[in-house]
Number of protein chains: 4
Amino acid sequence: MPGSWGNYVKITIFGESHGPAVGVTVDGLPAGFAPDMDAVRAHMARRAPGNSPLSTPRKEADEFEVLSGLYQGKLTGTPLTAIIRNLGQRSADYSGMPDLLRPGHADYTGHVRYLGHEDPRGGGHFSGRITAALTFAGALALQWLSSQGVEIAAKIIGIGPLSGDGLTEEMQDAILAAKADGDSVGGRIECRAAGLPAGLGAPFFDSVESVMAHMLFSIPAVKGVEFGDGFAISALRGSVSNDQMVTENGIIRHLTNHAGGILGGITNGEPLIVRVAIKPPASIARSQHTVSLKRGVDAVLAVEGRHDPCIAPRALPVVESAVALALSELWKERLTWTN
Amino acid sequence: MPGSWGNYVKITIFGESHGPAVGVTVDGLPAGFAPDMDAVRAHMARRAPGNSPLSTPRKEADEFEVLSGLYQGKLTGTPLTAIIRNLGQRSADYSGMPDLLRPGHADYTGHVRYLGHEDPRGGGHFSGRITAALTFAGALALQWLSSQGVEIAAKIIGIGPLSGDGLTEEMQDAILAAKADGDSVGGRIECRAAGLPAGLGAPFFDSVESVMAHMLFSIPAVKGVEFGDGFAISALRGSVSNDQMVTENGIIRHLTNHAGGILGGITNGEPLIVRVAIKPPASIARSQHTVSLKRGVDAVLAVEGRHDPCIAPRALPVVESAVALALSELWKERLTWTN
Amino acid sequence: MPGSWGNYVKITIFGESHGPAVGVTVDGLPAGFAPDMDAVRAHMARRAPGNSPLSTPRKEADEFEVLSGLYQGKLTGTPLTAIIRNLGQRSADYSGMPDLLRPGHADYTGHVRYLGHEDPRGGGHFSGRITAALTFAGALALQWLSSQGVEIAAKIIGIGPLSGDGLTEEMQDAILAAKADGDSVGGRIECRAAGLPAGLGAPFFDSVESVMAHMLFSIPAVKGVEFGDGFAISALRGSVSNDQMVTENGIIRHLTNHAGGILGGITNGEPLIVRVAIKPPASIARSQHTVSLKRGVDAVLAVEGRHDPCIAPRALPVVESAVALALSELWKERLTWTN
Amino acid sequence: MPGSWGNYVKITIFGESHGPAVGVTVDGLPAGFAPDMDAVRAHMARRAPGNSPLSTPRKEADEFEVLSGLYQGKLTGTPLTAIIRNLGQRSADYSGMPDLLRPGHADYTGHVRYLGHEDPRGGGHFSGRITAALTFAGALALQWLSSQGVEIAAKIIGIGPLSGDGLTEEMQDAILAAKADGDSVGGRIECRAAGLPAGLGAPFFDSVESVMAHMLFSIPAVKGVEFGDGFAISALRGSVSNDQMVTENGIIRHLTNHAGGILGGITNGEPLIVRVAIKPPASIARSQHTVSLKRGVDAVLAVEGRHDPCIAPRALPVVESAVALALSELWKERLTWTN
């Protein structure tokens, strides 16, 4: 189902941008784990808008309330649901939306799929705001994996045509330049997971790549996912791309990591490396050709309102969350085999 | 589960390279559909080895037997199972395998996951041969989608460092050169699906990208998947990457297709475009550092036998099959909404 | 996962008896359907305690709040979540509970499964209160099925040793007598669904019986489920139990309905008939042997508090809800076949 | 999907009575387990027809071939598929079947569901023969559970109106009397699982009762399932039906077992007890009213051929298999919690 993901750590998300609340149910994280709620808040704050000149000035509190599954600070093992109330929507900004389809948004496709019954306010269920719920769930997964020795971190590796290691000043300038132009710009993110044991994942449909890409492509704006050398590996020869092996204190290690820590769909003990492509935000102040759904005629639209000129910086904790949820799923699947 | 995929069109694959047979169960294609079995064979023949100097000279008949789900030439609607007997394995070629781990293969990771009980002959269940079963299932899905007006076709767009439209002579030379060097080389494939209606897919976990990437990353050797402009879209500005809209004879069309036919996880009526990166085959005749699993010591291995210098040409029908299976799944999911 | 059910109409439940709220996410009911919220409230009121001398005098408001999936009174098609805040728990009544295991309750088994981290207050996630969430979801399904011509109604057919058609005065006296004795009593419920088309369900794992029994056995206190003549059919001969067929105005009808409207796991167009056995409530004022979990010694316990002497009357809307959810699932599954 | 069941131990069945083969894929039983194939054959022989005057004289060899997932006598951990070829069908016995609907069979409902494309020979995919595949899978699960200390055994507890412990001479006479009358008779089976740890299962949708009833109702002919005292518990008072607890050498035990070893959907360490009602076989030699599908007119049918007068004796290993598969699923689910 659209709103659910996972068999071992199941996530169910719900909510609309301008409805009462967005939220998530997490089912499967271990009973007895005591999450640090301040750390959860800090993780979510990295995604929240309004914290930087690089993002929309729109403020969203992102205060969550845990409704179930937590008792005396520990997970009970039964479904944990958290909700985040929607506050301070400026609906006026979106007043023209049900009529003029915003290019690059899901206005048209959502309208077709839901037969005209979708909530059109602020993108409804298609809003990036839903990723706040995903980020909450991911924060729990990140902490739990960390307690198992797995550390996950994402970083910017590109903004528009610029590439580099981290959000450089030049990249920040590129974002601000796009903003000044009433435009937006895309970016690229790399995420690494260190400390993984060999043996997570399976061949074919439960490959690490399949499970993780499924989750990563759930993030609105992601249009590409690659592991290890990814697309670049296709330009290599096998004598280069094969990660040769040696023993090191009795443990099997690899001399290189072109495979990004995954062979045959299964982790090999090396750091997992995944990269995602983030498209430019679709809401821009520049005039674009579009269609009036009500009148069935061509029109021109400049999307007013406070929008992100680049979503990549705010997407970092979302990508980390997606990676952590996928690894939690694979981790729990692994437990059914080793006992 | 590793061996199963799909909720509306479910695929279950099984088999080992050197066991009695590989096979697949397809559950969910429409009762009454009459597949053209000659067309199925022709589709599978494109994947089968031994048909070109660009592939391994190893011959595999790939003759399938349908065991169930077919009556008087039509699908009954109940599970359809087909098996492909394994013939003519030269096990001798692999005699040293359980000991020396082949770099770039799943020998080590499969050994860890299955606790040392995996079938090591010819890669066992990790063998690319299992994709013959997937290709059979995909052939049925392709035909059914074609009967609904959807045409799917994949083509080579890159071999090693070379890019272009189709398998050019230069690319073929690059493959033969790698072969002559006892080496291998990667490639890139683009697949397009034309004739899709708007409205397939859903936001988040059932996005077209999520469902299709899950299936595509199940193909051994795929290390990257991107839709529309993919990674390149992250270098653009929104004013360029947004696909602006106009009406055309009362129908909404897009002036460009940077999104690859998908917005908000849902098809928009434009051709779907997806690209995959294929890594170089891991089996090469050149010496590589590796480890003896039995003795726990470092070793050097040159993989003997008849191997593919490049898997991309044979992967074309596999990619088409994966795309067709994903679209069949989304198509049937859509039916639960429009009635 | 424990908290989720369904592939076409997915239900996710959450909550603990004494936590902030219980709730449910419903994913898959048709976009555009406009539920009558007063009818939902009336359906839920039949389950709510405190409305009859036959039930616990404990008052629970059962006021729900819809957080998502509803826009301008219609389902949007995206996940609908509703929560019911927990109010007015008299935690003092349960103060001794984490120590003395209540016989007939899940105190011990929940403690083992969740490794001692369960919320013990009022049964936690095992509380019958969670069925309020199921009843909300079922109310939506009942209304939608009714809009399709399917009418579902459950009735009491037995209380303790008494059998009959409906909750007779004699049965009510039996419940009050048990209550006066500080004891409780079981009951039996029959539910019928009329107006179903032939063709819902499938052989084997998606049989109507499998899908519906799965849901019905999710209701705490249900210990038996039977369809049509059920256990009694096993005492018959085939010449009696076979439902013979005739044509009636060109439509195939059955002369009897021993099968309860289901053959080969598929509806045959006759009314669906299912019966469930409800065990006596476990909380009774009479002294019982039990064990102190903390001290590991034998003990005697009389469960104080305001408890139901018989759960069957309040279970009627829960059974109707379970039947409606199962039929909604099968109805949507059917749509993937007939198009 | 109809043909698949399970999340942790997944079963996929396929085949038609008169097609090339029936079969099953089992995905999830532990790598390294070495099944005793003679014991598998012995288990399957108990289901096979032709071995007793109480069953049909129709002989079916039920010889299976394992196609995958087994290497050097041990499970590899990857999907295990076994097929059973169909031999010696006397299709002539069924020659009139596509026309005259057999009362009590799925001829009509299968025809509606599969839109007229079902394989009508011998019941097609609805045939009881498919349970041979389920019995094979169950044989593996039974052996694995036995290696974990769990012993499962089913017995007849009723034939027609007769009740008792085991297949008494009187019951055998009742079956032979029905046979002599060209008729058939139903029966009741009880299955017990001893040696189960406390803690398998979960509240609500993954309750032991839900998971096991789902599987048991997949068996054609099962019309009722009850746990512990089942329907009889609804006639009791709580002071009787509650299983009181004591400590015994530091272990918590129950003084009675009215709950059949399950509380709150979770095993409590006592023997699991489940009973199923088996309807009389539908194929009888006596004349019955039915309908000609081709001509749309009423007709009379006496089903020729060699049929079982009572299916209960042959159903014993099928019920044991279903119970074992359900417990294997719950067992593996449990592993994700205790690690």
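**Figure 1. Salt bridges between chain A and chain C of a predicted model.** Between chain A and chain C there are 2 salt bridges, and this view, like those that follow, is taken from a predicted model. One salt bridge joins A:E65 to C:R85, and the closest N and O atoms of this pair are 2.7 Å apart. Residue pairs in polar contact between chain A and chain C, counted where both residues have pLDDT 80 or more, number 8. On the side of chain A that touches chain C, two or more residues come from each of the elements β2 (10–15), β3 (21–27), β4 (64–66), β6 (74–75) and β7 (80–85) of chain A. The element that gives the most to this side is β2(A), with 5 residues. Sorted by class, the side of chain A that touches chain C holds 16 nonpolar, 16 polar and 9 charged residues.

**Figure 2. The extent of the contact between chain A and chain C.** The size of an interface is often given as the accessible area lost when the parts come together. For chain A and chain C the buried area is about 3,200 Å², and carbon and sulfur atoms give 63% of that area. Chain A brings 41 residues to the contact, and chain C brings 41 residues.

**Figure 3. The interface of chain A and chain B.** Here 110 residues of chain A are in contact with 109 residues of chain B, and the two chains bury about 8,600 Å² between them, with 62% of this area on carbon and sulfur atoms. Across the interface there are 55 residue pairs in polar contact, both residues of each pair being at pLDDT 80 or more. Strand β11 (residues 222–227) of chain A contributes the most to the side of chain A that touches chain B, namely 6 residues. That side of chain A is made up of 56 nonpolar, 37 polar and 17 charged residues.

**Figure 4. Salt bridges between chain A and chain B.** Over all chains the count comes to 74 salt bridges, and between chain A and chain B it is 8. In one of them, B:R113 pairs with A:E333, and their closest N and O atoms are 2.9 Å apart. This pair crosses between chains, since B:R113 belongs to helix α2 (residues 107–113) of chain B and A:E333 to helix α7 (residues 312–335) of chain A. Another salt bridge is formed by B:R237 with A:D183, where the closest N and O atoms lie 4.0 Å apart.

**Figure 5. Two helices that meet within chain B.** Two packed helices are described by the angle between their axes and the distance between the axes. In chain B, the axes of helix α1 (residues 37–47) and helix α7 (residues 312–335) come within 6 Å and cross at roughly 130°, and α1(B) and α7(B) are therefore oblique to each other. Helix α1(B) makes the contact through B:H43, B:R46 and B:R47, while α7(B) makes it through B:R314, B:L316, B:P317, B:V318, B:E320 and B:S321. Among the residues of this contact, 3 are nonpolar, 2 are polar and 4 are charged.

**Figure 6. Two loop residues with positive phi.** Most residues other than glycine have a negative phi. In A:A221, a residue other than glycine, phi is positive, near 95°, and this residue lies in the loop between α5 (208–216) and β11 of chain A. In C:Q72, phi is also positive in a residue other than glycine, with a value near 55°. The loop that holds C:Q72 runs between β5 (70–71) and β6 (74–75) of chain C.

How values were computed
Residues are numbered from 1 along each chain as its sequence is written. Chains are lettered from A and ligands numbered from 1 in the order in which they are written. This is a predicted model: local features need pLDDT of at least 70, side-chain atom pairs count only at pLDDT 80 or more; totals for chains, interfaces and linings use all residues. Side-chain values use heavy atoms; hydrogens and water are left out. Axes are lines fitted to C-alpha atoms, for helices over the stretch in contact, and angles run from 0 to 180 degrees between N-to-C directions. Helices (H or I, at least four residues) and strands (E, at least two) are DSSP runs, numbered from the N terminus. Angles under 35 degrees count as roughly parallel, over 145 as roughly antiparallel, 65 to 115 as roughly perpendicular and the rest as oblique. Contact means heavy atoms within 4.5 Å. Ala, Val, Leu, Ile, Met, Phe, Trp, Tyr, Cys and Pro count as nonpolar, Asp, Glu, Lys and Arg as charged, and the others, Gly among them, as polar. Buried area is the accessible area (1.4 Å probe) that two parts lose on being put together, summed over both. A salt bridge is a side-chain nitrogen of Lys or Arg within 4 Å of a carboxyl oxygen of Asp or Glu. A polar contact is a pair of N or O atoms within 3.5 Å; within protein, one must be able to donate a hydrogen and the other to accept it, and residues adjacent in sequence count only if both atoms are side-chain atoms.
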